[in-house]
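Hi there,

Here is the structure I promised to pass on. Have a look first, and then read on for my notes.

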Amino acid sequence: MTVQRSLAPEPGCSLEHAVMTSCDREPIHRPDAIQPYGLLLVVDNTSLKIIGGAGDIEGRLAPDWLGRPLADILKIPESRLHDEKRPSLSDLRVAGLKDETFSILRHAQDTHLLIELEPVEAHNLLTWDIFGEIDSTADRFERCPDTTSVCRQGAAIFRRLTGFDRVLVYRFMEDGTGRVVGESRNDAFPSLMNHHFPASDIPTQARALYLRNRIRVIPDITYEAAPIRPPEAGLAGLDLSDVQLRSVSPIHLQYMANMGTRASASVSLVVDGVLWGLIACHNATPRCLSEDIRAACRTLAGVMSRQLRNKEELVTYQERLRLRNAMEFVTSHFDVRHPIESNLRSCMGELQSLFPCNGFAVISDQTITGTGVLPDAENLHRLHDWLRLGTNGGIFVSTMLGKDYPPAAEWPERSAGLLAITLPFRTPTCLIWSRVEIIQTIEWAGNPHKDTTEGSDVLRPRASFRTWEQTIRGHSTRWTSEQKQAARRLRRVLIADYQTQQLRELNATLAATLEERESLLRQKDFLIREVNHRVQNSLQMVASFLKLQARSASNEETTTALTEAQHRIAAIGLVHRRLYRDEHFGIVDLGRYLEELMEELCSSLGGDWQEQLHLSLFPIMISADRAINIGLVLTELVINASKYAYDGKAGPLHVGLAQTSDRLVLTVSDQGECTPQLKGTGFGTRMMNAVVSSLSGTLTYTTLTPGLEAVMTLPLDSILPSEADASTEAALSQTPTHIPEPSPHSGMKKGARPVVRRLFCVLRFYVLRGKSGLTRPDCLPCPPVRSGNPR
């Protein structure tokens with residue numbers, strides 16, 4: 001039976017020993033004792049024999065229990081203890097020695113099994129009664145508009161279910177303190193509604209146990225603790241966290257006695273895995289909660305916890321939606337044509353209403369634009385400088401500004417709470433929402449400062465729970481987590497808008513620069529076209545001069561040489577015309593170029609050649625200087641065919657251009673009867689050999705019956721677009737006489753300079769000829785060619 005006792009039964013469990021350890025350090029989960037209204041058996045996990053226990057086991061269960069198998073004591077089949085599909089024994093009942101019936105709770109540890117035996121009342125709640133209570137309770141919670149209504153309804157429901165004199169719904173606050181948010185009571189206890197409790201009343205380790213063991217009952221605080229025995233079993237310090245019968249700390253028992261409570265029960269409210277609060281039940285007389293009532297309380301606490309989460313999520317969702325809509329409304333009114341700082345100042349009213357406050361300001365280095373209740377300009381500038389030194393991700397939040405920023409303690413009536421956004425603009429800018437001081441009077445359930453023994457730091461439980469009022473100054477209303485998150489989102493949006501604006505300005509500058517560049521390019525194109533036009537006119541003029549000179553020359557060899565020179569210049573001029581009218585500067589289509597070249601050659605040789613010409617040309621893109629070389633060779637071969645094969649008359653002529661594997665083949669064949677000059681030493685032959693050699697090619701002749709076929713074979717890698725090859729001009733150079741070349745920076749198109757260079761090579765021959773009186777083109781000196789890129 002229960003024995004009345006003082007609150008200091010044993011040295012190890014005494015109040016003095018507990019207060020010496022301090023609440024936060026007391027091992028409350030290892031009390032080495034249980035409450036004596038039930039029994040505890042400690043069983044070896046391997047042999048399933050009882051090695052220890054607590055409570056009046058001899059008088060209520062079995063006299064010789066120690067060392068016996070658990071199955072024998074409980075009178076159950078041993079196979080049930082090994083049944084992995086049904087590890088719980090809660091469906092079984094054990095008969096005691098005093099007409100008692102015990103329920104069984106099983107807790108498995110590493111090396112032990114802990115078996116709780118608790119007396120069962122004769123009359124239990126029926127299953128449908130429990131389900132009906134759960135259904136009606138869930139319906140009531142569903143109709144509650146907010147968490148406050150849920151807590152008040154919960155207090156009434158749990159008081160009716162448990163029969164306790166007072167039921168409190170106790171909520172843990174962010175700072176660790178607790179507040180009574182729901183209450184149902186009779187006249188046995190005074191009201192504690194809206195009273196606060198210090199965080200030390202429920203220390204951290206006690207909260208961990210409330211989270212692990214969701215329901216806790218103390219039928220009578222004056223119980224005599226039943227220690228675990230025998231001492232020689234080595235069970236001291238056994239973890240009893242999951243044991244319902246676990247003995248309670250003497251400090252807590254004294255705390256309850258000072259409150260005037262004889263029996264208590266607590267049910268945990270857990271929301272998303274976090275201890276949200278407690279349902280605390282107090283009774284003025286001893287009172288026990290049966291197993292079925294505890295099960296119903298545990299289930300109803302789960303229903304209540306889910307409703308609390310739903311109500312809080314609804315409020316959170318509505319607040320987030322309001323903040324998001326307000327933020328979008330503000331930013332949508334920004335004028336993209338104006339700087340972001342100007343937009344912030346033009347939307348002062350909208351920004352101020354984003355977060356409820358008493359004053360709002362936009363602060364930069366030299367300018368303050370504010371509205372509402374704010375500190376003076378000098379203090380705002382100093383506050384701005386302090387905020388710029390470093391904040392958490394550009395966001396600063398405080399409900400007690402004087403504590404975080406000591407100068408603010410002098411003007412709490414103007415700013416006691418602050419939410420600030422620091423923006424890293426070119427001119428650092430800060431947005432602040434300020435709240436004035438709210439003088440609060442908090443009602444505590446007794447003095448929140450625990451008493452200490454005189455001359456020591458030993459804490460003792462509070463002796464009084466009478467209402468103790470405390471006036472709090474220097475605090476503002478709290479900034480919610482949704483407001484903090486919205487401030488972070490607003491900062492990201494403003495920084496993104498600022499970066500977009502900076503990018504827009506850079507794009508405008510770049511567009512202006514590009515427009516200026518395009519204008520310069522158009523001027524350059526105009527100049528290049530003018531230069532190309534003048535070069536083309538010059539080529540035509542030279543060709544005309546040669547033609548006139550040929551007509552007036554009395555020497556047949558001179559006339560022939562001038563005519564051939566005219567054809568060569570025409571070949572160069574054709575490339576130039578194609579070069580400056582094509583889109584790809586410096587690159588020409590060799591097949592198309594040779595076709596047009598043959599048309600001009602045939603026109604100059606005589607109209608009869610048009611009908612005798614047969615072309616088969618493969619299209620290939622090559623560099624302009626290579627095309628000139630190949631064109632010059634083709635011109636020489638055609639002139640030779642006209643001169644030697646047909647004696648100046650028209651005759652069948654086949655010109656072919658083909659690509660075979662990695663080589664290019666140019667073929668010129670005739671059907672003439674005249675003896676070919678295969679080993680000539682004239683200018684044309686020397687020029688062709690030099691050109692073919694510079695292109696790493698070969699030139700072969702094959703005698704036909706009748707006619708002659710000339711085949712020039714070139715590797716593709718030597719004629720595809722690349723840097724100009726100066727070896728041709730070097731092979732033709734035989735005198736240091738120098739005729740100035742056009743300047744490489746004259747503005748010609750890429751590819752135009754090699755054309756002009758070829759022109760000078762041909763013209764120099766005739767200049768030298770006129771000076772030296774040569775009658776045959778025995779030499780054709782060329783200007784020295786610069787190494788590297790011909791451009």
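How much of the protein chain do buried residues make up? The share is 47% of the 791 residues. Please keep in mind that this is a predicted model. The average pLDDT for the protein chain is 79, and 80% of the residues score at least 70.

The secondary structure comes to 21 helices and 27 strands. If you take the contacts between residues at least 6 apart in sequence, 67% of them join residues at least 24 apart. The accessible surface is about 38,800 Å², and carbon and sulfur atoms account for 52% of that.

The largest nonpolar core has 41 residues, and the members that touch the most others in it are Leu590, Leu594, Ile630, Leu634 and Leu653. Two or more residues come from each of α16 (590-605), α18 (624-645), β24 (653-660), β25 (663-670), α19 (683-694) and β27 (708-715). The biggest contributor is α18, which gives ten residues. There is also a second, separate core of 33 residues, with Ile134, Phe158, Ala265 and Leu300 among them.

Leaving aside residues up to four places away in sequence, Leu653 touches Met598, Trp609, Gln612, Leu613, His614, Val638, Ala641, Val668, Ser669 and Asp670.

Which residues of α16 are buried? They are Leu590, Gly591, Tyr593, Leu594, Glu596, Leu597, Met598, Leu601 and Cys602. As a reminder for reading that list, an α-helix has 3.6 residues a turn, so residues three or four places apart point the same way. Just after α16, Gly606 takes a positive phi of about 145°.

Over residues 1-21 the pLDDT stays under 50, and the model has 43 contacts beyond four places in sequence for them. Residues 723-791 also stay under 50, with 138 such contacts in the model.

Happy to talk any of this through.

Best wishes

Definitions and conventions. Residues are numbered from 1 along each chain as its sequence is written. This is a predicted model: local features need pLDDT of at least 70, side-chain atom pairs count only at pLDDT 80 or more; totals for chains, interfaces and linings use all residues. Side-chain values use heavy atoms; hydrogens and water are left out. A nonpolar core is a set of buried Ala, Val, Leu, Ile, Met, Phe, Trp, Tyr and Cys residues joined through side-chain atoms within 4.5 Å. Buried means under 20% relative accessible area, exposed over 50%, partly exposed in between (1.4 Å probe, protein chains only). Helices (H or I, at least four residues) and strands (E, at least two) are DSSP runs, numbered from the N terminus. Contact means heavy atoms within 4.5 Å. Accessible areas come from the Shrake-Rupley method with a 1.4 Å probe; for residues, only the protein chains shown count as cover. pLDDT is the predictor's confidence in each residue, from 0 to 100.
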